[in-house]
Amino acid sequence: LPHPPSRAAHVVRRKACLPRAAAMWAEPTFAYNCWISRSIIMLDMSAAAAQDPSRVLPGCSPARVTADVHDGALLAREAGEALDRVKDNFGPEDCTVAFIVADEGDTRAEPFARALADRGALRSAVLVPRTGLEVRFPFLFSPGVSFGDLPFLPNEVVPGKLFLGSRVTAGERALALLGITHVVSATERAPPVPPAVRQLHIDIVDDEGTPLGPALDLALPFLRGALAEPQGRALVHCDRGASRSASIVAALLMAEPALRPAGAHGARSVLAHLQAARPDVRP
C-alpha cells in the first residue's frame, strides 16, 4: 500500500539526504533515517526476504534475483521487473533513488544495483546490509508489519545512543521500540513518558530571541550522563524537531568530539551531519 497520508504529512523529503554515487553500501543508521524521511524505491533481495516475503521493511518489495553475477541481461530484466513491481504496489514519491536491502557478501548485489540504476535512470542506488539493519531495528522486520502498525519514530544521530525528533516521536511505544532511557523535552509542555524513562523538561519558547545558554546548562550534563550509561539511549525533542532540540544536539556534538562522525570538526560540518540525519533541522 502507498504511504498513509498521516505519515506523508509528518515526513520531510529532501534529495540532499541521499548520496549521488550509484551502488554504494550504507550503514544501518543512514538506512533507518532515510526509511523514516523519504518515500523512495525500496527493494529487498536478501535470502531472508526470499524465504519469507512478509518479513521486509514496510514499503519495501521483495526482489526476486535468480541471475548470477555474470548474466547482465537477466540481471537487467529482473531489475526492471522489480522496479515495475515496487512502483505499482507502493507508488513511491521519489523514483530517482533506490534503497536495496541485500546480504553482505552477495556478489550480485552491486551488479543488480547498477542494473537497477541503469534501467530506472536513477541517480542513486543505495545498498543496505540486511543483517546490520535487522539487528539494530528488529521491529521493522516483524512479519506483516506495515506503516500503520508503527508509531512516528525519531531520527538517529549517534548510532545506538542519541535520537532527535518532534514531540510526536516521544510516544511510549516509540521509546520502547528504540530502547530509549532518557528524554529531553525542550517544549513549553512536556509529553508524558513511562516511569522507567528519565525525563528532563526544559520550558523554552520557540522564538529566535530566546537565549539557549540556560537550556544547554541543563541539557548537556543530563545527556552526558545518559550516554555514559552502558544501555543509555537518549531522545532530544521539541515540538517539530527542527530548532530547539536540534540546537541542543548540535551543542552536544560540538562539546563532545567522540560523538561526532569522522571528519565533522566545526559547526558547519556538525550541522550538515544533523541535516543528513534529519533533513528539517533548522537550529
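1. Two strands are taken to pair if DSSP finds at least two bridges between them. With that criterion, and bearing in mind that this is a predicted model, five strands make up an open sheet of mixed pairing, in the order E6-E7-E10-E8-E9. The edges are held by E6 and strand E9 (198-201); each has a single partner strand, so one side of each is left without a neighbour in the sheet. From one strand to the next, the twist averages 20°.

2. Leu-164 has Val-236 in E10 as its bridge partner.

3. A further open sheet is formed by five strands in the order E1-E5-E4-E2-E3, and here the pairing is parallel. Strand E1 (24-25) and strand E3 (61-62) are at the edges with a single partner strand each, so one side of each is left without a neighbour in the sheet.

4. In the parallel sheet, strand E2 (residues 40-44) and strand E4 (residues 94-102) run parallel and are joined by five bridges. Leu-43 stands opposite Ile-100 in E4.

5. Which strands does H2 lie across, besides E6 and E7? H2 also lies across E2, E4 and strand E5 (124-129), where the helix runs at about 140° to E4. On E6 and E7, the angle of H2 to E6 is about 150°. Helix H4 (residues 72-90) lies across E2, E3 and E4 and runs at about 120° to E2.

6. The aromatic pairs number three, with ring centres required to lie within 6.5 Å. One of them is formed by Trp-35 and Phe-147, whose rings are stacked, at 5.5 Å centre to centre with 15° between the planes. This pair links distant parts of the chain, 112 residues apart: Trp-35 belongs to helix H2 (residues 28-37), while Phe-147 is in the loop between helix H6 (130-136) and strand E6 (155-158). Both Trp-35 and Phe-147 are buried.

7. Why is the pair of Phe-137 and Phe-139 edge-to-face? The planes of Phe-137 and Phe-139 stand at 85°, with the ring centres 6.4 Å apart, so the pair is edge-to-face, because planes over 60 degrees apart are assigned to that class. Phe-137 counts as buried at 2% relative accessibility, and Phe-139 is buried with a relative accessible area of 9%. Tyr-32, Phe-137 and Phe-139 are linked by ring pairs into a cluster.

8. Glu-134 is located in helix H6. The side chains of Glu-134 and Arg-55 are joined by a polar contact of 2.4 Å. Leaving aside residues up to four places away in sequence, Glu-134 touches Arg-55 and Phe-141.

9. How many disulfides does the model contain? The count is zero, the cut-off being a pair of cysteine sulfur atoms within 2.5 Å. As to burial, Cys-34 has a relative accessible area of 1% and is buried. Cys-238 counts as buried too, at 2% relative accessibility. Both values are to be read against the limit for burial, under 20% relative accessible area.

Terms used
Residues numbered from 1 in each chain as written. Predicted model: local features only at pLDDT ≥ 70, side-chain atom pairs only at ≥ 80, totals over all residues. Heavy atoms only, no water. Phe/Tyr/Trp six-rings, centres within 6.5 Å; stacked < 30°, edge-to-face > 60°. Helix = DSSP H or I, 4+ residues; strand = E, 2+ residues; numbered from the N terminus. Buried < 20%, exposed > 50% of the residue type's maximum accessible area, 1.4 Å probe, protein only. Polar contact = N/O pair within 3.5 Å; in protein donor to acceptor, adjacent residues only side chain to side chain. Contact = heavy atoms within 4.5 Å. Axes fitted to C-alpha atoms, helices over the stretch in contact; angles between N-to-C directions.
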